[in-house]
Amino acid sequence: MSPMEKLDEYERKRDFGKTAEPAPKRRRKKKGAPRFVVQEHSARRLHWDLRLEHEGVAASWAIPNGIPETPEENRKAVHTEDHPLEYLEWEGEIPKGSYGAGTMKIWDAGTYELEKWEPGKVMVEFHGERLQGRYALFRAGKAEKDWMIHRIDPPARERDPFPENVVPMLARLSELPSDDGKWAVEVKWDGIRAIAYCKPGRVELQTRNLNDVTVQYPEVRRITRALGSHEAVLDGELVAFDENGKPSFERLQQRTHNTDPNVVRRRMESHPVVYVVFDLLYLDGEDLCCEPYSRRRELLEGLDLNGESWQTPGHSGGHAKELLAASKEQGLEGVMLKRVDSTYAPGKRTGAWLKVKNVSRQEFVIGGWTAGEGRRKSSVGALLVGYFTEDGGKPVLRYGGKVGTGFTESELAALTARLAPLEQKENPFGAGPKTPKGAHFVEPCLVAEVEFRELTKEGVVRHGAYKGLREDKSATDVGLERPVAAEAASITAGATKRPRNKAAVTVEGHELELSNLDKVLYPQTGFTKGELIDWYARIGEVLLPHLRGRPLTLKRYPEGVEGKHFYEKRCPKHRPDWVKTASIYSDRHKGEIDYCVVEDTATLVWLANLADIEMHTSLSRCAEMERPTAMVFDLDPGAPADILDCAQVAVWLHGMFEQLGLSCYPKTSGSKGMQLYVPLNSDVTYAETKPFAKAVAETLEQRFGDRVVSQMSKAKRPGKVLIDWSQNDRHKTTVCVYSLRAKERPTVSTPLEWDEVEAALESGKADQLAFDHAAVLERIEEKGDLFAPLLSEEQQLPQI
């Protein structure tokens, strides 16, 4: 068949009086290697047309999802009619109403080497600017048009795998930093967070809780046309704007619950959304999460994603105070601050991203409702809301007040319908103030956005107004947010990156070099060395008073809690010159040992960088090693006894000390037991505390011999609690209050209230006496330092 005959179908489908596409004409074959072209064809659906010069025509395939980059993925290729050779150089507009109407652009062009051309298989090697490598096209269906395209050789540059199920990076509620020079400032959008997974011709939108919402926002799908052949993963928010151009979470509510195509189509017209893109996590085979924000942002802006239903808003370097004021004047929620040198940490609040709000607003879990009055007697009058806190290492829903305004009639009807099937008899609130009488309780699985005037010290909302439901957040992820100073949010977020996985920070005027911040120290939870450093820096305000002036024994875990560890009494020789030390005589070593003494946050950060997970201190201060500031009873359960048995022994000890007129304070060991401290801060010496503690332990053993043992003998310990009185010795150390422990998860030696100890005994729930790092920060926010009396309360030991 001649080339002109092969073009009959091409000619039949086109009116060359209307379209500018080249009409067939006879021409001589050009000398040289055969040519190819890939054209990006923005027609009814975006696709790519591959054309190969062969036997006087351009053999053609339409490839809906672009040319595959790796051998791991085959892609559909639809064999279409042959085109004239002039089409290899043509690009332009095909008018509406014509076959293939849309825009045709040359994506790449070049020559190819032919390896095989058979009726059902073509093998070639491309030599283009963008397209290079060996490919095969082959029949893959019953119809003649059904083909596939496959890459045979690996790409020249190794590609990072395309990400899946990325949980967005989170921001901490904060105040403005004192110095915003290293921060980028963006508008805080009042929308729903969404990650967009974009491949040629395809997009998937996932919310923060990994729900696929692509079908609910069809207007965003056309972002693939703006991206063309790029493979990208974007982070942004789905935002609905009101008539004044301001983000409106209330308007967005009309889009969040609907999946019916007809309803979605109508709402798309009446309540359109815009995908506001502010970060780029992956681009064309390169994972960008480890790149600094500045580079990610530069690459994002290079994509020029600005269309009717998507936009990339600008950002400012610094000027946070002015932009926050401007956002308030415009009635916006607030601003976001992002460290320009920060990497992207999926699912984490590292402190590298901060949110500063103009209004008090956050998510709460709906745990019940009270009926309205008058016409609203049979429907919701006010929502009972709460948030999750940790109690004993497990989440508990804390009651956070009533929300009784902000509803429209239609929203009330919809809420009543949503809550009806969730009704339950059991009160889901396990902590906080009492709930109102006549409350209807529900399964706590719905999340509401609430604006409020005030949040009391007890964490109760006052004058709360309902803004809508959050379908993008799981109830169990909702905790109480209180703003913290930007400087306290994260030490490591502000670190300056250095070669060989190192970083530099300045703490209290001292420059420190940190290393391996991403190293996981707790494999069961993913808790990293960077998080260890940040945690000790944040807890320092309450921890440092209990460390100052005392010799410290380090317990280091350089390979994490599942690796080898070692104790270190002698302060490391490579310590900075500003780290304080104290020389203390050691009977065992027959000489003096220079112990580390922690006086400031900078030293805490330095120790955490050494993977000193546990802090073990003396009961004495360096200046008076013979005088303990407290007496301690270490309660250690022998299996099958557990921490509840320790709690019972602690209560008995508490009763004994009350009779003696002594105050005592309990804490968890952070491991399996408890410790009881009796503050002294007097002239009492170990010569008095050690025999006193021994006598107390033996007295309790005589009274409760089936539950208590005062001797270390292993044979006597099973099923009993050892009261270890021997810790009252100048040569011994105990784990410091607020020290992390090297367990499966980052638990903390946590001070307790006696009411908590008795409540755990009454409920029989051991987990009420276990707290991890996050729970302890919340406890300090709520209760302060329960161990503060140990620092100043003076007591003398009575005669027994």
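Angles under 35 degrees count as roughly parallel, those over 145 as roughly antiparallel, those from 65 to 115 as roughly perpendicular, and the rest as oblique. The views below come from a predicted model, in which local features need pLDDT of at least 70 and side-chain atom pairs count only at pLDDT 80 or more, while totals for chains, interfaces and linings use all residues. Residues are numbered from 1 along each chain as its sequence is written, and side-chain values use heavy atoms, with hydrogens and water left out.

**View A. Crossing of helices H10 and H11.** Helix H10 spans residues 529–547 and helix H11 residues 601–609; helices (H or I, at least four residues) and strands (E, at least two) are DSSP runs, numbered from the N terminus. Their axes come within 8 Å and cross at roughly 140 degrees, and H10 and H11 are therefore oblique to each other. Axes here are lines fitted to C-alpha atoms, for helices over the stretch in contact, and angles run from 0 to 180 degrees between N-to-C directions. H10 passes H11 in a right-handed crossing; a crossing is right-handed if the near helix is turned clockwise from the far one by less than a right angle, and left-handed if anticlockwise. In contact (heavy atoms within 4.5 Å) are Lys529, Leu532, Ile533, Tyr536, Ala537, Gly540, Leu543, Leu544 and Leu547 of H10 with Thr601, Leu604, Val605, Ala608 and Asn609 of H11. By class, this contact of H10 with H11 has 10 nonpolar, 3 polar and 1 charged residues, where Ala, Val, Leu, Ile, Met, Phe, Trp, Tyr, Cys and Pro count as nonpolar, Asp, Glu, Lys and Arg as charged, and the others, Gly among them, as polar.

**View B. Helix H12 against helix H14.** The axes of H12 (residues 643–660) and H14 (residues 754–763) cross at roughly 130 degrees and come within 9 Å. H12 and H14 are therefore oblique to each other, and H12 passes H14 in a left-handed crossing. From H12, Leu644, Ala647, Gln648, Ala650, Val651 and His654 meet Trp754, Val757, Glu758, Ala760 and Leu761 of H14. The contact of H12 with H14 comprises 8 nonpolar, 2 polar and 1 charged residues.

**View C. Helix H12 against helix H13.** The axis of H12 comes within 11 Å of that of H13 (residues 686–703), with a crossing at roughly 120 degrees. That angle makes H12 oblique to H13. H12 passes H13 in a right-handed crossing. On the H12 side the contact involves Val649, Trp652, Leu653, Met656, Phe657 and Leu660, and on the H13 side Phe692, Val696, Thr699 and Leu700. The contact of H12 with H13 holds 9 nonpolar residues, 1 polar residue and no charged residues.

**View D. The largest cavity.** On a 1 Å grid over the protein atoms alone, a cavity is a set of points where a 1.4 Å probe fits but cannot get out, a pocket is an open set with protein on both sides within 12 Å along at least five of seven lines, and lining residues have an atom within 4 Å of a point. The whole structure contains 3 cavities of 30 Å³ or more. Of its 28 lining residues, Lys188, Arg193, Glu237, Lys355 and Lys473 are the closest to the centre. Strands E11 (183–187), E19 (334–339), E20 (353–357) and E21 (361–371) each supply at least two residues of this lining. The lining of the largest cavity divides into 8 nonpolar, 2 polar and 18 charged residues.

**View E. The second largest pocket.** This pocket has a volume of about 740 Å³. Its lining has 28 residues, of which His41, His47, Ala62, Thr80 and Tyr99 are the closest to its centre. Strands E2 (46–54) and E4 (75–83) are the elements that give two or more residues to the lining, and E4 contributes the largest share, 7 residues. The lining of the second largest pocket has 10 nonpolar, 6 polar and 12 charged residues.

Key:
Points joined across faces, edges and corners; volume = space filled by probe spheres on them.
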